[in-house]
Amino acid sequence: MSATPVTLVGLGPMGRAMVRALLAVGHPVTVWNRTADRAAGAVADGATLAASPADALAASELVILSLTDYRAMYDVLGGATTALTGRTIVNLSSDTPDRAREAAAWAAGHGAHFVAGGVMVPPPMVGTEAAYVYYSGPSEVFEAHRPALTRIGAPRHLGEDPGLAQLMYLAHLDVFLTSLSALMHATALLGAAGISATRAVPELMPTVAGIPAMLRAGGDDPGARIDAGEHPGDMNTVTMMGATAEHVLDTSDALGIDLALPRAVRAHYLRAIADGHGKDGWTRIVDGIRTPRTPA
């Protein structure tokens, strides 16, 4: 199985990292990229450069895409649809769940199988023990190519719906991007008082790193509690957390920095309090997030 040929289309940092990981364990790899000179490094590592997208498709049953978004898939493969028959397209590009489902239907219309995926590590970690990738799509198709896909990172198949992998990927990015914005907001907050980013960021990072331990401090699985509709307020109530959110907002206003993020956070707690859940634990804010009110 280690000799299974693989085609990889898209040679940005992530694509190049996947090529190296596949070559390192003996997979013959054919590559294609819209900017041809980006293929030089992959070819130097041992990959074969295809002359066209159709040639790239013809080279391997398994075709991995690492592109900017799903629109790029149509741009690249749209002129080579006759070569899609019998191929398995594994699209590791980022986009929405609905666009992944549309892509699966498009691929099926041209005789190809389709699996969506999301790589959950940066390029330097691809192919390492720390790497993992979410996939969704036909289980039988996924399992047929599991050995090759495992070379990129530990595969986690979420189900038959091709939109699930993108949904999980974006959920992770939701946490990641919001955390980055919070970190920069806090850095700006401290900077407004004359504390440099050089000093501020190392002080703030332990809070980011400590969130998992904080969530487990009560000894229970917070996800299971949420599923059960249980939001015990024995540690941190909505009212208490909401008051802190108010203080962050007031301080941000006083120091003249952007208020969009602290306003959004405060709004979650105000909604829960308005719904009569002030004595519940802070996880109760999930209800308002799930069912936003339509503005009057």
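Modeller: Once its neighbours within four places in sequence are left aside, Thr-30 is in contact with Val-6, Thr-7, Leu-8, Thr-48, Ala-50, Ala-56 and Ala-59. The model in which these contacts are found is a predicted one, and in it Thr-30 belongs to strand S2, which covers residues 29-32. Thr-30 has a relative accessibility of 12%, and because buried means under 20%, this residue counts as buried.

Eight strands make up an open sheet, and their order across it is S3-S2-S1-S4-S5-S6-S7-S8, with mixed pairing. The edges are strand S3 (48-49) and strand S8 (154-157), each of which pairs on one side only. In general, the strands of a sheet pair through backbone hydrogen bonds, and the pairing may be parallel or antiparallel. One antiparallel case here is that of strand S6 (residues 113-119) with strand S7 (residues 132-136), which are joined over 4 bridges; Ala-116, for instance, has Ser-136 in S7 as its bridge partner.

Gly-41 is placed in helix H2, residues 40-45, and since its relative accessibility is 37%, Gly-41 counts as partly exposed. Between the C-alpha atoms of Gly-41 and Arg-156 there is a separation of 29 Å, the two residues being 115 residues apart along the chain. Helix H8 runs over residues 163-191, and because its 29 residues at 1.5 Å a residue should span 42 Å, the 41 Å between its end C-alpha atoms agrees with that expectation. Among the buried residues of H8 are Gly-163, Tyr-169, Leu-183 and His-185.

Seen as a whole, the protein has 13 helices and 8 strands, and its C-alpha atoms fill a box of roughly 60 × 45 × 40 Å along the principal axes. Of its 296 residues, 39% are buried, Thr-30 being one that counts as such. The protein exposes about 15300 Å², of which carbon and sulfur atoms supply 58%. As for charge, there are 21 positive and 28 negative charges, and their mean positions are 2 Å apart.

Methods: Residues are numbered from 1 along each chain as its sequence is written. This is a predicted model: local features need pLDDT of at least 70, side-chain atom pairs count only at pLDDT 80 or more; totals for chains, interfaces and linings use all residues. Side-chain values use heavy atoms; hydrogens and water are left out. Helices (H or I, at least four residues) and strands (E, at least two) are DSSP runs, numbered from the N terminus. Buried means under 20% relative accessible area, exposed over 50%, partly exposed in between (1.4 Å probe, protein chains only). The expected span of a helix is 1.5 Å times one less than its number of residues. Accessible areas come from the Shrake-Rupley method with a 1.4 Å probe; for residues, only the protein chains shown count as cover. Lys and Arg count as positive and Asp and Glu as negative; His and the chain ends are not counted. The place of a charge is taken as NZ of Lys, CZ of Arg, CG of Asp or CD of Glu. Contact means heavy atoms within 4.5 Å. Two strands pair if DSSP finds at least two bridges between them.
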